[in-house]
Amino acid sequence: QVQLVESGGGLVQPGGSLRLSCAASGSSFIIRDMGWYRQAPGKQRELVATITRGGTTNYADSVKGRFTISRDNAKNTVYLEMNTLKPEDTADYYCKAVVITSTTTSLEVWGQGTLVSVSS
């Protein structure tokens with residue numbers, strides 16, 4: 001079974017930056033799409049950014065221009081560079097990976113989440 005471990009969360013002042021990392025581990029596997037999601041207090045989980053294995057990216061309007069998603073396929077790791085952070089970015093951030101399990105099937109795997117708190 002593939003496991004995802006996030007790191008890099010913490011407390012940062014408004015206008016500051018953080019970089020989140022998510023590393024996949026387990027037996028031999030291939031990851032298709034990867035993405036970051038977040039859930040703020042009192043709100044539903046929402047998509048932040050996604051990236052395909054080939055490097056095509058997609059961003060939520062609320063973070064476009066401020067956040068950058070990237071990946072290193074050799075390390076099975078996805079990153080989220082967050083700049084110009086705002087208090088409304090405060091949330092638990094979750095990594096998701098789509099793991100290819102056969103020629104016709106795949107499996108969604110989620111990390112445990114890492115807290116990002118933007119406050120002065």
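**Reading a strand, a sheet and some links**

Guide: Start with one spot. A polar atom in the side chain of Thr 114 lies 3.4 Å from the backbone nitrogen of Gly 9. That is how a polar contact looks: a pair of N or O atoms within 3.5 Å, where, within protein, one must be able to donate a hydrogen and the other to accept it, and residues adjacent in sequence count only if both atoms are side-chain atoms.

Visitor: What kind of model is this, and how are residues numbered?

Guide: This is a predicted model, in which local features need pLDDT of at least 70 and side-chain atom pairs count only at pLDDT 80 or more, while totals for chains, interfaces and linings use all residues. Residues are numbered from 1 along each chain as its sequence is written, and side-chain values use heavy atoms, with hydrogens and water left out.

Visitor: Where does Thr 114 lie?

Guide: In strand 11, residues 114-118. Strands here are DSSP runs of E, at least two residues long, numbered from the N terminus.

Visitor: Is Thr 114 buried or exposed?

Guide: Use the cut-offs: buried is under 20% relative accessible area, exposed is over 50%, and partly exposed is in between (1.4 Å probe, protein chains only). Thr 114 has a relative accessible area of 12%, so Thr 114 is buried.

Visitor: Which residues does Thr 114 touch?

Guide: Contact means heavy atoms within 4.5 Å. Leaving out residues up to four places away in sequence, Thr 114 touches Glu 6, Gly 9, Leu 20, Ala 91, Asp 92 and Tyr 93.

Visitor: Now the sheet. In what order do the strands stand?

Guide: First the idea: strands of a sheet pair through backbone hydrogen bonds, either parallel or antiparallel. Two strands count as paired if DSSP finds at least two bridges between them. In this case, 4 strands form an open sheet, ordered 1-3-8-7, with antiparallel pairing. From one strand to the next, the twist averages 15 degrees. Such angles run from 0 to 180 degrees between N-to-C directions, with axes being lines fitted to C-alpha atoms.

Visitor: How many bridges join strand 1 to strand 3?

Guide: There are 5, and the two strands run antiparallel. Strand 3 covers residues 18-25. Take Val 5 as an example: its bridge partner in strand 3 is Ala 23.

Visitor: Why does Cys 22 count as buried?

Guide: Because its relative accessibility is 0%. Cys 95 also counts as buried, at 0%.

Visitor: How many salt bridges are there?

Guide: The general idea: side chains of opposite charge can pair when their charged atoms come close. The rule asks for a side-chain nitrogen of Lys or Arg within 4 Å of a carboxyl oxygen of Asp or Glu. The count comes to 5.

Visitor: Which residue forms a salt bridge with Arg 38?

Guide: Glu 46, with the closest N and O atoms 2.8 Å apart. Arg 38 counts as buried at 6% relative accessibility, while Glu 46 is partly exposed at 35%.

Visitor: And which residue pairs with Asp 89?

Guide: Arg 66 forms that salt bridge, its closest N and O atoms also 2.8 Å apart. Asp 89 is in the loop between strand 8 (77-82) and strand 9, and Arg 66 is in the loop between strand 6 (57-59) and strand 7, 23 residues apart. Asp 89 is buried at 0%, and Arg 66 is buried at 11%.

Visitor: Where are the partners Glu 108 and Lys 96?

Guide: Their side chains meet in a salt bridge, 3.6 Å from N to O. Glu 108 is in strand 10 and Lys 96 in strand 9, 12 residues apart. Glu 108 is partly exposed at 49%, whereas Lys 96 counts as buried at 12%.

Visitor: Which residues are joined into one network?

Guide: Arg 38, Glu 46, Arg 66 and Asp 89, through salt bridges that share partners.
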